[in-house]
Amino acid sequence: MTRRFDLIAFDWDGTLFDSTAAIALSIQDAVRDVGGTVPTLETAKYVIGMSLQGALRHAAPDVPPDSMVELTNRYRYHYLKRQEEVTLFDGVLPLLDQLTASGHLLAVATGKNRRGLDEVLDSTLLKGRFDASRTADETAGKPHPLMLQELMAEMDVAPERLLMVGDTTHDLQMAVNAGCASVAVSYGAHHPDGFEAFGPLFIAHSVADLQQWMAGNA
């Protein structure tokens, strides 16, 4: 089958890594620690995919600016405590193997920072599987298109040849802003009811569902 896309860019948290609960609960705990109004679980999940600073500002608007460093540190403390609960979704490795075998380039486009992404790549079976990556602390955060634009420039791929895969409306809006196609996954942070407005080619309800679609359409 002729490839429709040359580069597949994956979000990380909630798309490849089952980390939604750990992130949302850690945001709640961090806000509680600094005396802010604790966001609902829905709000804490909504900000996943943004840069950490942007996510915390959105989730805790009543926390004063001079407490943001403390809030960030408390979030990291709580998330590190939960790291052992965070794992790859079942089927991720076979999916990546399939795409690599079919000649696709693979990238990560994530709201994580560079240090966080590198650490988790070093501690999983994903090290060396991606051709490029961008994190929110080294470029513009989602949904700004710069993250994808930089990946396309690095890999010499045109917008119509890149497919963005993500679990949030931030991912899908970023793809729209960059002039790229997208596929959404419903098993992550955002409820799929909000996906259709961004025109994803497909909404996958499991990694197996995503792999099957990729095999016939990517």
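**Entry 1: a bridge in the sheet**

I began with Ile8, whose bridge partner in strand E4 is Leu106. My note on the ground rules: this is a predicted model, where local features need pLDDT of at least 70 and side-chain atom pairs count only at pLDDT 80 or more, while totals for chains, interfaces and linings use all residues. Residues are numbered from 1 along each chain as its sequence is written, and side-chain values use heavy atoms, with hydrogens and water left out.

I then looked at the strands around that bridge. E1 and E4 run parallel and are joined by 4 bridges. For the names, helices (H or I, at least four residues) and strands (E, at least two) are DSSP runs, numbered from the N terminus. Two strands pair if DSSP finds at least two bridges between them.

How many strands form the open sheet, and in what order? I found 6 strands in the order E5-E4-E1-E6-E7-E8, with parallel pairing. E5 and strand E8 (203-204) are the edge strands, each pairing on one side only.

**Entry 2: helices over the sheet**

Next I checked what lies across these strands. H6 lies across E4 and E5, and runs at about 135° to E5. H7 lies across E1, E4, E5 and E6, at about 155° to E5. I noted that axes are lines fitted to C-alpha atoms, for helices over the stretch in contact, and that angles run from 0 to 180 degrees between N-to-C directions.

**Entry 3: a helix pair**

I turned to helix H5 (residues 92-101) and helix H9 (residues 207-217), whose axes come within 9 Å and cross at roughly 10°. H5 and H9 are therefore roughly parallel to each other. On this scale, angles under 35 degrees count as roughly parallel, over 145 as roughly antiparallel, 65 to 115 as roughly perpendicular and the rest as oblique.

Which residues meet here? From H5 I listed Val92, Pro94, Leu95, Gln98 and Leu99; from H9, Val207, Leu210, Gln211, Met214 and Ala215. Contact means heavy atoms within 4.5 Å. By class, this contact of H5 with H9 has 8 nonpolar, 2 polar and no charged residues. The classes put Ala, Val, Leu, Ile, Met, Phe, Trp, Tyr, Cys and Pro as nonpolar, Asp, Glu, Lys and Arg as charged, and the others, Gly among them, as polar.

**Entry 4: salt bridges**

I counted a salt bridge wherever a side-chain nitrogen of Lys or Arg is within 4 Å of a carboxyl oxygen of Asp or Glu. By this rule the count comes to 15 salt bridges.

I picked out Asp11 and Lys142, whose side chains meet in a salt bridge at 2.8 Å, N to O. Asp11 sits in the loop between strand E1 (7-10) and strand E2 (17-18), and Lys142 in the loop between strand E5 (132-135) and helix H7 (146-155), so I marked the pair as linking distant parts of the chain, 131 residues apart. Are Asp11 and Lys142 buried or exposed? Asp11 counts as buried at 2% relative accessibility, and Lys142 counts as buried at 6%. Buried means under 20% relative accessible area, exposed over 50%, and partly exposed in between (1.4 Å probe, protein chains only).

Asp13 forms a salt bridge with Lys112, with the closest N and O atoms 3.7 Å apart. Asp13 lies in the loop between E1 and E2 and Lys112 in the loop between strand E4 (105-110) and helix H6 (114-122), so this pair ties together parts that are 99 residues apart in sequence. I noted both Asp13 and Lys112 as buried.

Glu119 and Arg115 are 4 residues apart, about one turn of the helix. Glu119 is partly exposed, with a relative accessible area of 42%, and Arg115 is exposed, at 65%.

**Entry 5: backbone details**

I came back to Lys142 for its backbone. A cis peptide bond joins Lys142 and Pro143, with omega about 10°. Pro143 is found in the loop between E5 and H7.

I also looked at Asp156, in the loop between H7 and strand E6 (162-166). Phi of Asp156 is near 55°, a positive value in a residue other than glycine. Asp156 counts as exposed, at 72% relative accessibility.

**Entry 6: Asn113**

My last stop was Asn113, in the loop between E4 and H6. Asn113 counts as partly exposed at 26% relative accessibility. Leaving aside neighbours within four places in sequence, Asn113 is in contact with Arg76, Thr135 and Asp137. Asn113 and Asp137 are 24 residues apart in sequence and 5.2 Å apart in space, C-alpha to C-alpha.
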